[in-house]
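Me: I'd like to learn how to read the features of a structure one by one. Could you walk me through this one?

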Amino acid sequence: MAAAVAGVVIGLIQVWPDPPFTLQDWSKEANAACAQTQGDLDEAARDANDALAGLDEAYTQGTATRADFVATGNMFYKLAGLQNKQAGDLSRIRTPDSRADETKSVVDDMRAADRTLYRMAEKLRRVDAQNLQKTLQDFGELTQSFNRKADSINRRLEELGAHHCLSAVDAASS
C-alpha cells in the first residue's frame, strides 16, 4: 500500500506544473549574478577612464606615445571582457514567463555594447602614430555610440529590476 501511495505522489510531482518564473524571479537572479562581478566591472571602468584621461593629457601636451594608446586600449579590453562575462551570466538565467522578450533583448544589447567596447579598445591599440588625432576622433565616435547604448541598457535594466547590474562609474566621455 505504501508503495502505491508513493507511486501516486511521484506521479503527481512529475506532472505537476512548475510555478511560473516571474520578472521578480528573474530580477532576483540577475541582481545576484551582477553582484558577483559589478565591483570588478566598476574598477575596470574607473581604470579605463583614468587611463583615457591620462592619454588625453599626454596628447594635449604632445607627449602621447603609441605605448600610451596601447595601455589605454588594454584597459578597455579588460572592461569589455568583464561586461561580456556579465552579459553571459544574465543570458544563463531562465527568461520570465512575462517580459521574456525584454530580458533577452537587454542581454543582446549588452553583447552589442561589449562589441563596441572591443572596437574602442582595438582602435586605441592600432593607433596610427602619424595620425593620432584621427584615432582619437574615431574613438570618440565609438564612445558616443557606446554611451547611447549603455544609457538605453541601464534604463531597461532599471525597469526590469536588475539594480545591481548598473555601474557606479560614469562612461568615458572622450
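Reply: Let's start with burial: buried means under 20% relative accessible area, exposed means over 50%, and partly exposed is in between (1.4 Å probe, protein chains only). Keep in mind that this is a predicted model, where local features need pLDDT of at least 70 and side-chain atom pairs count only at pLDDT 80 or more, while totals for chains, interfaces and linings use all residues. Residues are numbered from 1 along each chain as its sequence is written, and side-chain values use heavy atoms, with hydrogens and water left out.

Me: Is Phe-76 buried or exposed?

Reply: Phe-76 has a relative accessible area of 1%, so Phe-76 is buried. Phe-139 is buried too, at 0%.

Me: How many aromatic pairs does the structure hold, and how do I read one?

Reply: A pair of aromatic rings is described by the distance of the centres and the angle of the planes. Rings of Phe, Tyr and Trp (its six-membered ring) pair if their centres lie within 6.5 Å; planes under 30 degrees apart are stacked, over 60 edge-to-face, and the rest tilted. The structure holds two aromatic pairs. In one, Phe-76 and Phe-139 have ring centres 5.4 Å apart and planes at 75 degrees, so the pair is edge-to-face. Phe-76 sits in helix 3 (residues 66-91) and Phe-139 in helix 5 (residues 132-159), so this pair ties together parts 63 residues apart in sequence. Helices here are DSSP runs (H or I, at least four residues), numbered from the N terminus.

Then there's Tyr-77 with Tyr-118, a tilted pair: 5.8 Å centre to centre, with 50 degrees between the planes. Tyr-77 is in helix 3 and Tyr-118 in helix 4 (residues 100-125), so the pair links parts that are 41 residues apart in sequence. Tyr-77 is partly exposed at 27% relative accessible area, and Tyr-118 is partly exposed at 28%.

Me: How do helix 3 and helix 5 cross?

Reply: Two packed helices are described by the angle between their axes and the distance between the axes. Axes are lines fitted to C-alpha atoms, for helices over the stretch in contact, with angles from 0 to 180 degrees between N-to-C directions. The axes of helix 3 and helix 5 come within 13 Å and cross at roughly 20 degrees. That makes the two helices roughly parallel (under 35 degrees; over 145 is roughly antiparallel, 65 to 115 roughly perpendicular and the rest oblique). Contact means heavy atoms within 4.5 Å, and Phe-69, Phe-76 and Gln-83 in helix 3 meet residues of helix 5 including Phe-139 and Phe-146.

Me: Which residues does Thr-72 touch?

Reply: Leaving out residues up to four places away in sequence, Thr-72 touches Ala-51, Leu-52, Leu-55 and Leu-124. Thr-72 lies in helix 3 and counts as buried at 3% relative accessibility.

Me: Which cysteines does a disulfide join?

Reply: A disulfide is a covalent bond between the sulfur atoms of two cysteines. The cut-off is a pair of cysteine sulfur atoms within 2.5 Å. Here a disulfide joins Cys-34 to Cys-165, with S to S at 1.9 Å. The torsion about that S-S bond is about 90 degrees, so the disulfide is right-handed. Cys-34 lies in helix 2 (residues 23-61) and Cys-165 in the segment after helix 5, so the pair ties together parts 131 residues apart in sequence. Cys-34 is buried at 0% relative accessible area, as is Cys-165 at 4%.
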